[in-house]
Amino acid sequence: MDLRTLKHVAILARTLNFTKAAEELGISQPALSRSIQAVERNERISLFDRDKGGVHLTVTGQAFATRASAILAEVEGLRQLARKSAAGVEGKLSFGMGPLPASVLLPSALNECMKAAPDLDINVNVHSADALFSLLEAEQIEFFIYAGGHCPKPAIVQADVLGLFPMGVLVRADHPLLSTAQSEIGKYPLMLAARVSGLPLMPAWLKPHLREGGNMIVEDSAVLSDLAERSDGIWVTTPFQAQEAIEQGRLRELPLGPGEQETTLQMMIHSLARRSLSPAATQMIERFRNKLSDLWRRTALLPNS
């Protein structure tokens, strides 16, 4: 038996009319009769009684037709699952991100995904690079996004460029460091999302104005943004983390010194070599690329950018 035969039995069982069933199937009535006779002969069962009163299901035929319909429904469900999975709108997606790219890219991408693929189950792991590499190696995630750096196992991990994050130093709009009266400038605490060895990259003129103590390490970017607006703290981050506050004038980026170039951080997509990403993963990465492009476009439109 094959699915075509099961469909013949199921439709004839529903219509109990060879002519109507053949029309629905798009085949001739003799072809349908031969198909039913073949399954009855091959399986040595009687599915339908035929007489002048019409077509009637036998007891065996009723049970057979019920199972055939259930199988056909299951196959159709599998086909729909395959179509939706191929479109990236159903199934499961697990991936990872570092704290910085997660805070910048994740909210809008997940919001878009919830609207475009409401039936897609998503699991996001926000961890350190070492933890994400372990999850990737164990195939618990399809990919992860982190700032570029040393890959511990390049033989099994493929790294592709997602894009660049600009890095800068943000302060409140009326911060003393924005004043031209340099003699009034004091020393101020440094605020970071993660502990780093040595001073992070920043304008050379700013370093003498940093406190030796009283600095803050806070992993929550929303807390750092609020703190930067309310205090004299100096927030070293990507302006992308505070795009709205910058556009509304609540935060400003400290200028570079003469001859200094803007610092950027390269974000990489890490996935297992010789493994194909699912359509859902590919679409999520595309959302991240689109968001990053939009952030760069918005940055270019800002005054004095």
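Accessible areas here come from the Shrake-Rupley method with a 1.4 Å probe, and for residues only the protein chains shown count as cover. By that method the chain exposes about 17,200 Å², of which carbon and sulfur atoms supply 52%. The model is predicted: local features need pLDDT of at least 70, side-chain atom pairs count only at pLDDT 80 or more, and totals for chains, interfaces and linings use all residues. Residues are numbered from 1 along each chain as its sequence is written, and side-chain values use heavy atoms, with hydrogens and water left out.

**Overall form**

- The chain has 9 helices and 11 strands; these are DSSP runs, numbered from the N terminus, with helices (H or I) of at least four residues and strands (E) of at least two.
- The radius of gyration, taken over C-alpha atoms, is compared with a globule rule of 2.2 Å times the number of residues to the power 0.38.
- For a compact globule of 305 residues the radius would be near 19 Å, but the chain has 32 Å.
- Along the principal axes, the C-alpha atoms fill a box of roughly 110 × 40 × 30 Å.

**Burial, contacts and charge**

- Of the 305 residues in the chain, 38% are buried (buried means under 20% relative accessible area, exposed over 50%, and partly exposed in between, with a 1.4 Å probe and protein chains only).
- Contact means heavy atoms within 4.5 Å; among contacts between residues at least 6 apart in sequence, 73% join residues at least 24 apart.
- Lys and Arg count as positive and Asp and Glu as negative, while His and the chain ends are not counted.
- Each charge is placed at NZ of Lys, CZ of Arg, CG of Asp or CD of Glu.
- The 31 positive and 33 negative charges have mean positions 7 Å apart.

**Aromatic pairs**

- Rings of Phe, Tyr and Trp (its six-membered ring) pair if their centres lie within 6.5 Å; planes under 30 degrees apart count as stacked, over 60 as edge-to-face and the rest as tilted.
- The structure holds 5 aromatic pairs, and one of them is the stacked pair of Phe95 and Phe143, at 5.0 Å centre to centre with 0° between the planes.
- This pair links distant parts of the chain, with Phe95 in strand S3 (residues 90-97) and Phe143 in strand S5 (residues 143-147), 48 residues apart.
- Both Phe95 and Phe143 are buried.
- Phe240 and Trp296 make an edge-to-face pair, 5.4 Å centre to centre with 90° between the planes.
- Phe240 is in the loop between strand S9 (234-237) and helix H8 (243-247) and Trp296 is in helix H9 (residues 279-301), so this pair ties together parts 56 residues apart in sequence.
- Phe240 is buried at 5% relative accessible area, whereas Trp296 is partly exposed at 30%.
- One aromatic cluster is formed by Phe95, Phe143 and Phe288.

- Asn125 lies in strand S4 (residues 119-126) and counts as buried at 16% relative accessibility.
- Leaving aside neighbours within four places in sequence, Asn125 contacts Phe95, Gly96, Met97, Leu132, Leu135 and Ile141.
- Leu210, in the loop between strand S7 (190-192) and strand S8 (216-217), is buried with a relative accessible area of 8%.
- C-alpha to C-alpha, Leu210 and Pro189 are 6.0 Å apart in space, and they are 21 residues apart in sequence.

**Positive phi**

- Leu16 is not a glycine, yet has a positive phi near 50°.
- Leu16 sits in the loop between helix H1 (3-15) and helix H2 (18-25) and is partly exposed, at 35%.
- Arg274, also not a glycine, has a positive phi of about 60°.
- Arg274 is in the loop between strand S11 (263-272) and H9 and is exposed, with a relative accessible area of 70%.
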